[in-house]
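Thanks for coming. I will go through a few residues and keep it brief. Please have a look at the screen.

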Amino acid sequence: MDYISTRGKIAPVGFIDAVLMGLADDGGLIVPSHLPQLSEATLRAWQQLSYPELALELFSLFVDGEIPREELKQLVDESYGTFRDDEVTPVRRVNNSLHILELFHGPTFAFKDIALQFLGNLYGYISKKRNSTIHILGATSGDTGASAIEGVRGKEGIRICILHPHGKVSKVQELQMTTVDDANVLNLAVDGNFDDCQRIIKELFADVSFKQQYHLRAINSINIARILAQTVYYFYAYFQLAKQGQGEKVNFSVPTGNFGDIFAGYLAKRMGLPIHKLILATNENNILEHFVTAGVYQPGEFRGTHSPSMDIQVASNFERYLYYLNGEDAGAISGLMDGFKRDGQIVVNGAVLEQVQADFAAYAVKNDECLSEISSCYNEYGYLLDPHTACGVAAAHRFTAEDEVTVALSTAHPAKFDEAIRLIDIKQTTPVEIQALSDKPQFQTRVVGTNEAVSEQLVRFF
Ligand SMILES: *Cc1c(COP(=O)(O)O)cnc(C)c1O
């Protein structure tokens, strides 16, 4: 399997080099040169697999022999052995038309662990195999940072620096990141918002000589390994329903920020998983919803909401979708992205917009509606949603027809976002792992939000 750039200006590379490259050297995003097509017979055979077995089959298609199967199996087993639930990502039935896919049973209680436990182990493997230094640089709106740090803390040959927007992540998220005292971890608290952090990272990575000199590697969802790891649970959840005879019209509703998670679902569908509708849910940062409904992608004013991990204006994975939307035409994407840089927007219409609307339904959830969704789901079904998941569930209600089932992806445990849950007077019990965080000392360095301030810290640390 070759990996290429959405902008077409890098030589094709294999899986490991694609993972190491992160952002493509031409500024585009890395995609597989072709998508494996899964037959009905394969899908039927895979129904019986456990989560790690299924992950191994899917990863094998994309790794394509670069990691011997036995070693890949070991990486997968180590990555999912840290999860608190035997099923890794269990599907819970709420009612006849709504199921919740719980993605939060990993070490940091958010879905990012599913990809980052694997990526952390993969980086450890690559570092050993190639005898190469791995310096991870990432930006987080809260969950990625904690999860990435958890994935590599204390690992030999790896150092990690994570930028988060100072004061704009939840208390639990901050504690999960900053209470880690391993010497290979640096937390930078940046004055600004998540988009500022992400822009700084993107610009530092775009400086290819800086990136090479300091061996910088990415863990943000621009890394193709993350997307591939996230396709697994779409298959897994679909199979759980299919086994109960409910595989006819299965929708997935996905709370969306950087377009990574839902893009993984889009890939699963293109590989042959018969997903009915992909429902894109945003919070009040509704750029992606606006794109689907009106054909205009235009980042605007940042809004703080109850679902901070989705408080994102510039969706870093969106370019991958544009690539497929434009018939895998890298030349067209180069032009579009140049235009975006110049005009600050991307506009589609006519048949292209029709295709977008065939690919996705979309709904933007207001703050009030998010909270009332949490209340009503709790009162009616005794199921407590976190505010991100609540956005997905609100969108699911909107688009699930009578004869359909929607699987709403639950991207975080509610205890991670107790600030919002308390607003509606629901008292939850905090898992002991989270309770224990508040007694620990914190380690972080506050910096102003400029490339210079950040690179100065990096040069000192790496
Ligand atoms: C990261 C995150 C999201 C958004 O996922 P994207 O891949 O950025 O779309 C949603 N919910 C939670 C809890 C997250 O941590």
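Predicted model: local features only at pLDDT ≥ 70, side-chain atom pairs only at ≥ 80, totals over all residues.

Is E328 buried, exposed or partly exposed? For E328, the relative accessible area is 34%. Buried would need a value under 20% and exposed one over 50%, so E328 is partly exposed.

Now the backbone. Most residues other than glycine have a negative phi. E328 is not a glycine, yet its phi is positive, about 55 degrees. As for where to find it, look at the loop between helix 13 (318-325) and helix 14 (330-343), where E328 lies.

With a relative accessibility of 32%, H215 is counted as partly exposed.

Next, a residue with an annotation. Which residue does UniProt annotate as "modified residue: N6-(pyridoxal phosphate)lysine"? In the UniProt record, an unreviewed entry, that annotation covers K112. On the model, K112 is in helix 5, which covers residues 112-130.

How accessible is K112? Its relative accessibility is 10%, and under 20% means buried, so K112 counts as buried.

What is K112 in contact with, if we set aside its neighbours within four places in sequence? The contacts are D143, T144, S147 and R226.

How values were computed. Residues numbered from 1 in each chain as written. Heavy atoms only, no water. Buried < 20%, exposed > 50% of the residue type's maximum accessible area, 1.4 Å probe, protein only. Helix = DSSP H or I, 4+ residues; strand = E, 2+ residues; numbered from the N terminus. UniProt positions renumbered as here; feature names shortened; annotations may be inferred. Contact = heavy atoms within 4.5 Å.
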